[in-house]
Structure formats: structure tokens, C-alpha cells
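Notebook open. I wanted to look up ring pairs and then a bit of surface.

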Amino acid sequence: TASGATEHQPIEIIKSYGSEGGSSSVVEVEVAWDPGPPVKSSVYGKGNITINGSSGFISGNDSCGQADPKSPVYTLLPATTTGSPTYEGNPPYPLSGTQEIDIEAIVKELKIGATVITTDQSGTDFGGPGNFVTVYSDTSNPYNVQGLKIQNGTGYGLLLVEGDLTLGAGVNWNGIIMVTGTLTLNGGGGGINIRGAAIGNNTIDINGGLDIRYDSCEIKSSMKNKPLLVLGWKHLY
């Protein structure tokens, strides 16, 4: 039967036609693009978020103007946010509440088909404006004692890390960053620019220059290389 789903927009219909020996058959499938993880804010953390210095900028306003504004930062109670960067959004300040994201489960689901990296990266670009990719690293296999480090590079798509991740100066990421461990942003020098959302499981430490802006279009584009969700199907005849 038809799915009757209302939480996915738009729903697309695929029809498959087959015939053999004078018999024919048509199957209709309702599908939708995977919307990706729930994004509560530009920066989300289950643990405390510490922002050192006042040179940073974090905005929950949608850079592409397609979605309602969000809070710039959200932490899972009892975690809190400390620091004094420039905030924008609705409301224009950090929130703390009970909305929990199952980061480990989402990373395991989205890592399928990803480009796997096992060593620190410097000056590496991933994907492009018309080529959003999924990049994955498991810092325990092989073991990286200080987690994954990336600096001086540009990426488009999903950056998924099981373990800790440190982004250094000169990183520009367009899409979603999800980390099951601790996320550290060290933006001294060249700064760090994120268009989309950054989601960390543990404590998030932010240092130096950074510019983080919620962008629903970059988030949507980062999910375009993921399998379609099958909402329902029926055998027409």
C-alpha cells in the first residue's frame, strides 16, 4: 500500500515496468531523500562546549534562506556552553535541553560507502561544490592516540569520525561534521569555516578564529549521495 508518509517532502514515485511471454507487471515505489541527522543548531554537543576568546562567529540563521533559524549552539542537559563569541539565530544565544541525538548510531549508518582515511590530513581537499562526498575515519583502527587531525583543506559533504577530531587552521567544510568523541576546533591563523552543522558527542573545545553558520542547503547536498528511503510500495498489476 501507499506509505501515507507526511514527514518526508517531497515524496517521489518510481514505477518499474516488466513484461515476458505476453504477461506484464508494474511495481510502484514511494521514495524520499534521507534528510540526514536532526540538526538542532549550528553546533551541537552532548558535553560541555567551551569557546575560548571572543573572535568567533556562530550563526543559527540559515545561510541559504530555505529553513527557519535555529539557535547557534545546543547542549544536552546538564551540559552548558561557556564563552563569548558573536552569536546569531533564534534565539541568538546558546540553548541547553533534553533533545538527544544518537550520534554513534547515525555515524554507523551513514559511513557506508564512505572514503576512509586512517592518517592525519594537511592540505587535502575532499569533494567539490558539485561533488559532495562522505569521508569516514575510525581512530581506533588503526589506533591514533590523539584522534584524527585535519588542517588546511576544503571539504564538501559528510565528515564522520569515530573517536576524536581536531580541526586546525585553514579548514573549510561545507556540510555536516559528526564526531562520536571530542571535537576540537583550533582556528588560530587561517581560521575555521563551517557551512552546515558540527555535531560532537563529548566536550567541544573551540579556540581562535572561527566562522560557523547553519546552512540547510549544504546539509541537504551532503545527503544526496546516500541511498533513498523506501517509504512504501505496491504491485499495480
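This is a predicted model: local features need pLDDT of at least 70, side-chain atom pairs count only at pLDDT 80 or more; totals for chains, interfaces and linings use all residues.

Numbering runs from 1 along each chain as its sequence is written, and side-chain values use heavy atoms, with hydrogens and water left out.

Entry one, ring pairs. I searched the whole structure and got 3 aromatic pairs (Phe, Tyr or six-membered Trp rings with centres within 6.5 Å; stacked under 30 degrees between planes, edge-to-face over 60, tilted for the rest). Y44 and Y74 are stacked, because their planes sit at 5 degrees, with ring centres 5.9 Å apart. Y44 is in strand β3 (residues 41-45) and Y74 in strand β6 (residues 71-76), so this pair ties together parts 30 residues apart in sequence (strands are DSSP E runs of at least two residues, numbered from the N terminus). I checked burial too: Y44 is buried at 1% relative accessibility, and Y74 is buried at 6% (buried is under 20% relative accessible area, exposed over 50%, partly exposed in between, with a 1.4 Å probe and protein chains only).

Entry two. F126 and W173 make a tilted pair, since their planes are at 50 degrees, with centres 6.2 Å apart. F126 is in the loop between β11 (121-122) and β12 (133-138), while W173 is in strand β16 (residues 171-179), 47 residues away. I find F126 buried at 9% and W173 buried at 3%.

I14 lies in strand β1 (residues 12-20) and counts as partly exposed at 43% relative accessibility.

Notes
Helices (H or I, at least four residues) and strands (E, at least two) are DSSP runs, numbered from the N terminus.
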